[in-house]
Each structure stands twice: as structure tokens, then as C-alpha cells.
Amino acid sequence: MSDSRVIFEKSVKDRMGIAIPKLDVPEISLSDSISPELLRETPANLPEVSEPQVVRHYVNLSVKNHHVDKDLYPLGSCTMKYNPKINDALASLPGFANIHPHQPVENVQGALHIMYELEQMLLKITGMSAATLQPSAGSQGEFAGILIMKKYHEQNCENRKYIIIPETAHGTNPASVSLGGFKAREVKSDNRGRVDFEDLKSKLDDEVAGMMLTQPNTLGLFENQIEAISEEVHKVGALMYMDGANMNAVVGLCKPAEMGFDIIHINLHKTFSTPHGGGGPGAGPIAVVEKLAPFLPIPKLIKDDNGKFNWTSDLPDSIGRLHSFFGNFGILVRAYVYIKMLGDSGLKSMTRVAIINANYLKNKLKDAYKIPFAEGTLHEFVASGVLQKAKGVKALDIAKALLDYGFYAPTIYFPNNVPEAMMIEPTESETKETLDRFVSALLEINEKINSDPDLVRDAPMTTPVIRLDETKANRELDLRWTP
Ligand SMILES: *Cc1c(COP(=O)(O)O)cnc(C)c1O
């Protein structure tokens, strides 16, 4: 029997995980050195346990939840690819991990060099002219991009009100639009799951500041009218913004600047590995075309004539700072290492394999699950659970059932134009054998639904906690264990 007690229950008075050397200086009482109002009335209730108990505590905790080091994590749009351990090893080098943002630039030249080169790499990948690594999430990159749009139009003495976003957009897009002081104008999708071109044209006028578009879109499909879309948007003097949170179908194969985009954000924590989830940390650099470079946030990283790196805030048209300091540096190192390790040809095959893997899964699943927009899948696809819903089983139940097979669930109920949506992104890191196991699980779940839907409705049954009341968990947050 495994010991399922929580660590507090394992505590034994005076048990210690470490041996502290004998005191060889005079002892000072706490009340002599700390003012009384800062002292606790009762000692902190910490568990008293041995070192192996602590280690086992954390190891066991680490496998209670699902994570990508355990098995496939097909969370569409979020890109939970495997993170090569070398990224962590290098980001943990003391010279990187212990760096302080107030250190003078002379003694952090190596770190600045990495940031500078990473910017250059992202410019090469996107085809853009200038970049900033400052935004610390995709959503913050979006916000920065929207502020840049605003500044650009203000400089042209224009007060534009609207930003066009497709109905399939990620939720952060309308949020950034409204935070930036604009209103969203929604454009419909056509029957191929792409932007409805006629609807778009009807919504363009000189009050439109720009268009935000995810490419490939959230159905995993390439917006193949992109050049015509960019042309129409530019015709009314508006800018094209690419939500490049997930660049897994783009890197090395095509460049956003060549598709007519003026601004792009890239989630390093999706496309370029880096552990994420549970709220961070992340990095959402943005890159822009030349005419928008003056608006980038300050401070800006520059390389002087002697090859020395430095920060400058001498950008009078800048949108300003997004936050203190320079971004999540450890995440930048991981992305840098990832890109360097793969190189040009490695990046290209990363993209190709991501596309092949998604298409492989789609083809294996298409007889059991409905796939509404199946033409032209790139790195992810959206299956619909409508056939299963007719038998009384929701996409949520299918997602939960997958947990019993040792897989994480796909993203569900997004995008909005697919009923009972299950958005599956296998990423390039998985082997064919893993994909086959995943297919078998989904096919078996479908067979269970056909024979007895109740077998699935109560899933999961084998996880540390069974079906949770998620609304209650959100509304009555209670994170503390009390004896
Ligand atoms: C993840 C994602 C975002 C937001 O990125 P965060 O780093 O989570 O803020 C925006 N758009 C798309 C399409 C995404 O997948």
C-alpha cells in the first residue's frame, strides 16, 4: 500500500532532513534581533520530516498531474511539445540563472548577446524588420501590437475605432482590442473554415485600424487568401496583425511579412519549446515591419559600432514600457538554445513533422469522429463530438475519458464555430507509436459510447481525483489543507 497521507500527517516532532553544525557563536534570541510586532505568536506549522520523505513527497506530487514528460499532451493551440532537457540545463547555468536585472551592462554582455541574436533569429523567421523581446506573454504581445497600431494611426492624425477579428479568434484577441481602446468588428468564416472574404470587404472602411488574424487559423487551416486579405485591409489604410502564438506550421516554410502582415507576436513558450501551463512563465516577443519600428517598447537593445550591447530609451515615438525590466530571461535562453540546436533544416523538419503528425491523427480518426473542416489541415485540427453527443456523451466526457488512458485532453469547446469541438495538436515531438496509442484510445472511447455511454460519462476513474465539480472549484477556491 502506498502512503497516501499528506506531508503534514507524516510529520514527527523534531525529525529533521538536514544536520546543522554545532553552534559556535553566541546564541541570540529572536526577540533581541526582530522587533516584537513582526514576530509570530505561534511558530509556523511546518512538517518535520526526513530528506527522503521530502524527495518522495515532491516526486509523487509531480506525477499526480499530467505533464508532457509523462505522455502526449494534445492541447490544441497551446502547443505542449516536449522540452529538450538541454534547454533547461543551459538556462540554469549560474551566469544566466543568477543574473540580476540591475547589473551594469558591461558585465551582462553575454546575456544581451543572446537576446540580440534571438531577436535576429525571430526577424529571419518572420521576415520582419525590428523586434522586441519584452512582452512576457502572447497576450501582452498582442496588447503591445495594438498600442503600436494606435500610435501609428495617431501619428497619421487619424482616430480609427475598429479592429477586425474573425469569429474563430482566440479569446485574448478581443480582450487586447478592447484593452487598447478599440472595438472589435467580427468577420464571419466561410464554409471552408476561412475568413469570409465578401463579409470582410463589407466591414472595411476608414474607421478600421487593423485586422488581427491567426495564421494558420484556430481550425489549423491556412488562410489561403491571405495576400488578397492583406491587400484589402491595406487599401483602407489599416494594418495587418498576425497572432503567431503558434507558429508550428509556419517556421521555415513561409514568412509572415511576405503574407502582408505588419505586426506579429510569437509565443516562445509554444513554438520554441519551453515549459508552460499553469499560468507561466512565458515570452511573447513581437516583430514589426520597418515603418512601425519607431513605436516599439523601450528600452530597446542595440549593438554599437564596437560590437557592445546596450539599452537605449531614445525612441521618442515608443509606446513606452510594458513592465519593469526586460522579459522572462530564462525563457529567452531556452528558445535560443532550441532554435540553435535545430538550425535552419531542423526547424523546417520540426514544422513538417508537426503537420504530418496532425494529418496522420486526423485521417485515423475521421471515421469515428466528425471533422467539419477537414480540408488543408496543418499542425492541428478540430474534431467535433456531435455524433457522440447524439448518444448522450459530450466533448467534455470524451476529454475526461482520455485521462484514464494516460493522455491529456485536447482543447475543448474552442473554436466556437465547431459544436462539441475537440482541438487536437500532437506536435512534432511524438513518435508514430504514441500517436497510434492515442488513436486506439479515442477509437475505444467511441466504441464504449456506442455500446454503453455510461462507461464514459463518469470518467476519469483512475486519476488521483475523479470528476471534479469545476464550477465549484472556481467559485469556492479552497487551496489550504486543514488537519
Ligand atoms: C496561447 C494563445 C494566445 C495567448 O498567449 P498567452 O501567452 O497565453 O497569453 C493567443 N492566441 C493564440 C492563437 C494562442 O494559442
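This is a predicted model: local features need pLDDT of at least 70, side-chain atom pairs count only at pLDDT 80 or more; totals for chains, interfaces and linings use all residues.

User: Which residue does Asp454 form a salt bridge with?

Analyst: Arg457, with the closest N and O atoms 2.7 Å apart. Both residues lie in helix α15, three residues apart, which is about one turn of the helix. Arg457 is partly exposed, with a relative accessible area of 31%.

User: How many salt bridges are there by this rule?

Analyst: The count comes to 21. One of them joins the side chains of Asp344 and Lys124, at 3.2 Å from N to O. That pair links distant parts of the chain: Asp344 is in helix α11 and Lys124 in helix α5 (residues 109–126), 220 residues apart.

User: Is Asp344 buried or exposed?

Analyst: Exposed, because its relative accessibility is 55% and the cut-off for exposed is over 50%.

User: OK, what about Asp436 and Lys432?

Analyst: Their side chains meet in a salt bridge as well, 3.0 Å from N to O. Both lie in helix α14, four residues apart, about one turn of the helix. Asp436 is partly exposed, at 22% relative accessible area.

User: Let's stay on α14. How far does it reach?

Analyst: It covers residues 432–451, 20 residues, and reaches 28 Å from first C-alpha to last, close to the 28 Å expected at 1.5 Å a residue.

User: Which of its residues are buried?

Analyst: Thr434, Leu435, Phe438, Val439, Ala441, Leu442, Ile445, Asn446 and Ile449. Looking down the axis of α14, these buried residues fall within an arc of 155 degrees, so they line one face of the helix. On the other side, Glu433, Glu447 and Ser451 are exposed.

User: And what do the buried ones pack against?

Analyst: Several elements, including α11 (329–365), α13 (395–404) and β12 (421–424).

User: Where does Leu396 sit?

Analyst: In helix α13. Leu396 is partly exposed, at 25% relative accessibility. Not counting residues up to four places away in sequence, Leu396 touches Ile412, Tyr413 and Arg467. The C-alpha atoms of Leu396 and Ile449 are separated by 13 Å.

User: Switching topic: which residues make the nonpolar surface patch of about 330 Å²?

Analyst: Ile86, Leu90, Leu93 and Met341. Leu90 lies in helix α3 (residues 85–91) and is partly exposed, with a relative accessible area of 31%.

User: Last one. Is Asn267 buried or exposed?

Analyst: Buried, at 4% relative accessible area. Asn267 lies in the loop between β6 (263–266) and α10 (268–271). Beyond its neighbours within four places in sequence, Asn267 is in contact with Gly138, Gly244, Ala245, Phe272 and Ala283.

Conventions:
Residues are numbered from 1 along each chain as its sequence is written. Side-chain values use heavy atoms; hydrogens and water are left out. Helices (H or I, at least four residues) and strands (E, at least two) are DSSP runs, numbered from the N terminus. The expected span of a helix is 1.5 Å times one less than its number of residues. Buried means under 20% relative accessible area, exposed over 50%, partly exposed in between (1.4 Å probe, protein chains only). The arc is that of the directions from the helix axis to the C-beta atoms. Contact means heavy atoms within 4.5 Å. Patches are made of residues with over 30% relative accessible area and no salt bridge: like charges are joined within 9 Å, nonpolar side chains (Val, Leu, Ile, Met, Phe, Trp, Tyr) within 5 Å. Accessible areas come from the Shrake-Rupley method with a 1.4 Å probe; for residues, only the protein chains shown count as cover. A salt bridge is a side-chain nitrogen of Lys or Arg within 4 Å of a carboxyl oxygen of Asp or Glu.
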